[in-house]
Amino acid sequence: MPYIPHTPDDVRAMLDAIGADSIEDLFDEIPAHLKAAGKLDALPDGLSEMEVTRLMNERAAMDAGAVSFIGAGAYQHHIPAAVWEIATRGEFYTAYTPYQAEASQGTLQVIYEFQTLMTRLTGMDVSNASVYDGASGLAEAVLMSLRANRKSKSRKVLVPTALNPRYTAATKAIVENQDVALEMVGFDAATGQTPLDALKPYEGEDYAALVISQPNFFGSLEDVDALTDWAQANGMLVIAVVNPTSLALLTPPGEWGSDGADIVVGEGQPLGVPLSSGGPYFGFMCCKQKHVRQMPGRIIGRTVDMEGKQGFTLTLQAREQHIRRSKATSNICTNQGLAMTAATIYTSLLGPDGLTNVAAHCHANTQALAEKLTAIAGVERAFTAPTFHEVVLTLPKEADDVLAQLAEKDVLGGVSLAKDYNLPNAILVNATEVHSEGDLDLFAVALKEVLA
Amino acid sequence: MSETKLIFQLSHPGRSAVSQAPKALAEDKLSAIPAQLRRKQKPALPEVSEMQVVRHYTNLSSKNFAIDKQFYPLGSCTMKYNPRGANRAAMLPGFLNRHPLAPESHSQGFLSCMYELQNFLKEVTGMKGVSLAPMAGAQGEFAGVAMIRAYHDARGDDERTEILIPEAAHGTNPATAVMCGYKVREVPVGKDGDVDLEALKAACGPQTAGLMMTNPSTCGVFERQIEAIAKTVHEAGGLLYYDGANLNAILGKVRPGDMGFDVIHMNLHKTFATPHGGGGPGAGPVGVSERLLPYLPTPMAGQRDDGSYHWIDTDILGTSIGHLSAFMGNAGVLLRAYYYARSLGREGMIRVGEFSTLAANYLLKRLEAIGCTAAYPDRRASHEFILTFAKEAKELGVTAMDIAKRLLDYNQHAPTTYFPLLVPECFLIEPTETESKEALDEFVDAMAAILEEARTEPDMVKEAPFTQPVRRLDDVKAARELDLTWSE
């Protein structure tokens, strides 16, 4: 019996201790006509480890082998071997939520270190222990901004159209049930940025917050100082959505404008978490000290034990669902512990210089890729704004067709902006430090063939 | 065990794990980024060697209890063995390197696993459709209640403002109802652990959007009136939500769909043996009855007539409650659950419910025999049960928390304490099907020793633990003098 240790003798002895004749007797409080006997016939027979491993190997192999230039919110990076060797140690992998603090100091100290790392990357005061992912993190940040902005009575938030449309969609799906509205702010068709002009109609209006994405979905860098100052001058909080790799090079949100962003969220995946079809990733969430009691999710504090020795524990639990129930800041009751542990190890291994080098290579490789691709007749950069590690290109043919033909050559050439932005000929491409010169050339050659 | 320094305290300027990152680039490679957008100072991350990092986090890991090390009988958490093979399979390069937006032509392996997993979950729960999108139990709850709301809204039935919740429910249930814009009304639970049916009838009405409940309940017993409850809620026009926290108890034995539930969430990190990872990631798929099919969260895996697989997104299912994450949820967790389902197969699924229930009833009887007090002594245990130490607290001054802390000294993880809230000084104990009889007996021995200590040396028990990396922590100081980040 897979994973079940009981021998027939064990079962007999246990039933005797209970005073039952059979295991079936233990289900005698369930009405007989409800029982599932014979109803699971569509399930296959069990497989041995060897058999199921063979099956999974075959399935995994079906999806392997292409060179990918897709980014759009999830990025390929080199992950040092030590990261997951350690993160999947049984002591981390098979531990529960650290409710028994004395028996969970390992997990708790890792989270405290993670919180510190994230505040140092973002330039913020405090961090939580992570939420599900970047998109749902933004939904939490929007709800948090309504609680934290005491000057505003609004249940509306300004969101740039140039934000990752998947973030917008997930945030809408989550917050609209609480009658919170997202008002979309357009982008400049020439630069690919969110201009101050687009915000003019909202001047003096009551909105709880402005969302600023740096870089934005197009890879374009926004004038974050001007946007931040405008929002705060108009009584709004600033919610920053950032890429953690980029923060090694770019101004941290805590230093945006004259007062810094109020809440910072983002997708933590680039910090040592594999692409893995979209998860498990983790969302990071930081804020100014004054908003900490409005922040959702788990938070770890450093304290002392009864002998005065340093220790770590869950704190500010009065915000959370297991204490506050219907009055909690969120229903969230986990973090993404394992992915967050990997990110802590990754960031420690890379250090300030290593992460800066990764960010620099991502930027430089994307620049080089854009140069190679725009050397092909009819291929142009769609926008003029400076970019970090993604860029939008306009093609002389429909993007969806071109991408399908590239895929036939095992080149995954980015994502089409046809559906989300009605830009039928535009693709969003990304390169990171993992792409070699040869990979970039491969893409250029394949694209030239497809467009010929 | 000694205090472990923070990674930041190991840092020395100029030290690095050089092989872990690409070489530095000339500054002119960054000239396209305007100076005003550039960071002025490098982030103050630790500067440490590769071995220092490996040793530091390996040492920290040793300060955790874990299923791989200890019996971990947390009630309602299902801390069963997490198969290593599932981890290895989910970490295969083809799965690990697949981008979530890769075209369907390069996703058939992954999609086939997801499609089959959806079907397996439909079969074991008796529901008509399943979406794997929610990233945790709490998000599954959110999706479920959001679907209930979408159903009522689509019918123009907008007077329904309340969700009913038994008082023993998990805290996530009321928090979820509020996140979906509902008010919460609690329903009392009777002395035998079943819902007070008369009170439920009185609470139901045209304002009722639905009822959220767990069965077996958080009282560790099967709700015997489930069909009457379903009838009552349905007749009032409400829908029935099944919190799958305790699905392990009934896997293969009875199905939520057959009990009359309209929507359920499952915790794959419980029932399907995916790791808890120190508090996540989980996965909280949702299953629905016929009438909620149009509202399932996206994306889902579908199959064409030619046998190939495709995504079902909002362009196909326009009535969906939408996306709950940027991509498709915790894919890697779902792959581990798929492995587990294939490994168990039909017979294995049935055994989960049987042997988890056997283990719990055995442990309960043995603990009663050494003088522990069951909260519901006249009931069968499900896969878990409740003990109350109200007597010990009153007579000896030794609380459930004290006993929990002392268990750590016996190398046993404590059960869930002080939940559900309606039973004073309680333990909620869930041994799972993967623990051997010897492991259960060792727990009983530890409990017997602690009860004896409580009678002879109560002050010692009140100061436990003694063998852990730290003694009891000052939680008041932690909350009053917030120290959430390290500073040199």
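A residue counts as buried if 20 or more other C-beta atoms lie within 10 Å of its own, as exposed if 12 or fewer do, and as partly exposed in between, with C-beta atoms placed from the backbone. Keep that scale at hand for the tour.

The model is predicted: local features need pLDDT of at least 70, side-chain atom pairs count only at pLDDT 80 or more, and totals for chains, interfaces and linings use all residues. Residues are numbered from 1 along each chain as its sequence is written, while chains are lettered from A and ligands numbered from 1 in the order in which they are written.

**Stop 1: Tyr418(B).** Select Tyr418(B). This residue is partly exposed, with 16 other C-beta atoms within 10 Å. Its phi is positive, about 55°, although it is not a glycine. Tyr418(B) sits in the loop between strand E12 (416–417) and strand E13 (426–429) of chain B. Helices (H or I, at least four residues) and strands (E, at least two) are DSSP runs, numbered from the N terminus.

**Stop 2: all of chain B.** Now show the whole chain. Chain B has 16 helices and 13 strands. Its radius of gyration, taken over C-alpha atoms, is 25 Å, close to the 23 Å that the globule rule gives for 488 residues, so chain B is as compact as a globular protein of that length. That rule is 2.2 Å times the number of residues to the power 0.38. Along the principal axes, the C-alpha atoms fill a box of roughly 75 × 65 × 45 Å. Of the 488 residues in chain B, 61% are buried.

Colour chain B by domain. Domain 1 covers 7–61 and domain 2 covers 85–343; such bounds come from an automatic or database domain assignment. The domain centres, taken over C-alpha atoms, are 42 Å apart.

**Stop 3: the contact between the chains.** Show both chains. Two residues are in contact if their C-beta atoms, placed from the backbone, lie within 7 Å. Chain A brings 165 residues to the contact and chain B brings 172. On the side of chain A, helix H11 (residues 337–374) gives the most, with 22 residues.

**Stop 4: the core.** A nonpolar core is a set of buried Ala, Val, Leu, Ile, Met, Phe, Trp, Tyr and Cys residues joined through C-beta atoms within 7 Å. The largest one has 316 residues. Helix H11 (residues 331–369) of chain B gives the most to this core, with 20 residues. Ala209(A), Val238(A), Ile239(A) and Met147(B) have the most contacts inside the core. Centre on Met147(B). Leaving aside residues up to four places away in sequence, Met147(B) touches Val263(B), Val288(B), Leu292(B), Tyr295(B) and Ile321(B).

Stop 5: Strands E8 (residues 300–303) and E9 (residues 309–312) of chain B run antiparallel, joined by four bridges; strands pair if DSSP finds at least two bridges between them. Ala301(B) has Trp311(B) as its bridge partner in E9(B). Five residues lie between the strands of this hairpin, and Gly307(B) takes a positive phi near 90°.

Stop 6: Go to Pro215(A), in the loop between strand E5 (209–214) and helix H9 (224–233) of chain A. The peptide bond joining Gln214(A) and Pro215(A) is cis, with omega about -15°. Next, Pro280(A) lies in the loop between strand E7 (263–267) and strand E8 (283–287) of chain A. Its bond from Gly279(A) is also cis, with omega near 0°.

End at Tyr3(A), in the segment before helix H1 (8–18) of chain A. Tyr3(A) has a positive phi of about 70° without being a glycine. With 19 C-beta neighbours inside 10 Å, Tyr3(A) is partly exposed.
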